[in-house]
Amino acid sequence: MSVLEIRDLFVTVETESGTTPILNGITLTMNTGETHAIMGPNGSGKSTLAYTIAGHPKYTVTSGSITFDGEDVLAMSVDERARAGLFLAMQYPVEIPGVTVTNFLRTAKTALDGEAPAIRGWTKDVKAAMSNLRMDPKFAQRNVNEGFSGGEKKRHEILQLEVLKPKFAILDETDSGLDVDALKIVSEGVNRAKESTGLGVLLITHYTRILRYIRPDYVHVVVAGKIVEEGGPELADRLEDEGYDRFLDPAAPIEA
C-alpha cells in the first residue's frame, strides 16, 4: 500500500494585485485503493490543490508538506512525481500538434518505466482500453487533443490513466463538459483502472453527478482554501440536497 500525505499546506499565487493566498492549511491522507472526493464552490482552491500536487510552477508552497510513501514530493520535479506514480487528469487538456496519440502514450510509458513496452502487448492493451472507452481506433493516429471535442479530450485523459497505471490519480473536474453518456463511459474507465491496479483516486468536482458512478470512500468540502467538513458518501448526498450555502453564510454553523 502507498500513502499520499498532505500536511498543513499553504499555497499562494501571483496575481495582478500581488501575492494571493489560495490554500490555507489543507491536511489530507490518501491510501491506494481509496477514492476521495474534493468538493466545494468555485474559487475555493480545489484545482490549486491538484496542480500543487502535480508540481505546476505557477503555485508557491509557503508552508506545509506533501509526502509520497515518506518521500518529499515538493522536492521532486514534475517528471519525478510522474515516475513515482502521480497522475493528473487536467480540467482543460492541451493540444499537442505534431504528436500522435500513439507516440505520446508509448513515449510516456517508456519515460515512466525506463524502457519501451513490448510492441505486441502494448498495442493490444491500448486497443482494448480505447475500445472500452468507445474511442474510434483512428484516434490513435491523430495529434493529441487536436480537434478533439471536450468529451474526446476527457476520454483521452482516462485512456492515459488506464495504460500508464499510476498509483494515485488526481482528476480535476473530469466531469465538466460531459454529457450523461460520456460521463458514464469516463467513470467506468476510472473504476476499471482502480479495480485492476488498486490506485488511489482524488476526484475534484463541483457536482455530485459523477459520484453516482464513482462512489467515494471519503468526501472533503473545501471553502476558502480550507477543508471545512469531511465525511463519507452520505456527505455528497447531503450536498446534492443543500448545496454550499451553509458554508458560505458566516452565520451558518459548520459541523466539525
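Me: Is the crossing of α4 and α5 left-handed or right-handed?
Reply: This is a predicted model. Helix α4 covers residues 119–132 and helix α5 covers residues 150–164. Their crossing is right-handed.

Me: How are α4 and α5 oriented to each other?
Reply: The two helices pack at an angle of about 140 degrees, with axes 10 Å apart. Angles over 145 degrees would count as roughly antiparallel, and 65 to 115 as roughly perpendicular. α4 and α5 are therefore oblique.

Me: Which residues in α5 meet α4?
Reply: The α4 side brings W122, D125, V126, A129 and M130. The residues of this contact divide into six nonpolar, no polar and two charged. On the α5 side, the partners are L159, E162 and V163.

Me: At what angle do the axes of α3 and α5 cross?
Reply: α3 passes α5 in a right-handed crossing. The axes come within 11 Å, and the angle is roughly 40 degrees.

Me: How many residues of the contact of α3 with α5 are nonpolar?
Reply: From α3 come V101, F104, L105, A108, K109 and L112. They meet H156, L159, Q160, V163 and L164 in α5. Two of the contact residues are polar and one is charged, while the nonpolar ones number eight.

Me: Which residues are the closest to the centre of the largest pocket?
Reply: About 840 Å³ of space lies in this pocket. Its lining has 19 nonpolar, six polar and eight charged residues. Of the 33 lining residues, the closest to the centre are V78, A82, L86, F87 and L88.

Technical notes. Residues are numbered from 1 along each chain as its sequence is written. This is a predicted model: local features need pLDDT of at least 70, side-chain atom pairs count only at pLDDT 80 or more; totals for chains, interfaces and linings use all residues. Side-chain values use heavy atoms; hydrogens and water are left out. Axes are lines fitted to C-alpha atoms, for helices over the stretch in contact, and angles run from 0 to 180 degrees between N-to-C directions. Helices (H or I, at least four residues) and strands (E, at least two) are DSSP runs, numbered from the N terminus. Angles under 35 degrees count as roughly parallel, over 145 as roughly antiparallel, 65 to 115 as roughly perpendicular and the rest as oblique. A crossing is left-handed if the near helix is turned anticlockwise from the far one by less than a right angle, and right-handed if clockwise. Contact means heavy atoms within 4.5 Å. Ala, Val, Leu, Ile, Met, Phe, Trp, Tyr, Cys and Pro count as nonpolar, Asp, Glu, Lys and Arg as charged, and the others, Gly among them, as polar. On a 1 Å grid over the protein atoms alone, a cavity is a set of points where a 1.4 Å probe fits but cannot get out, and a pocket is an open set with protein on both sides within 12 Å along at least five of seven lines; lining residues have an atom within 4 Å of a point. Grid points are joined across faces, edges and corners, and a volume is the space filled by probe spheres set on the points.
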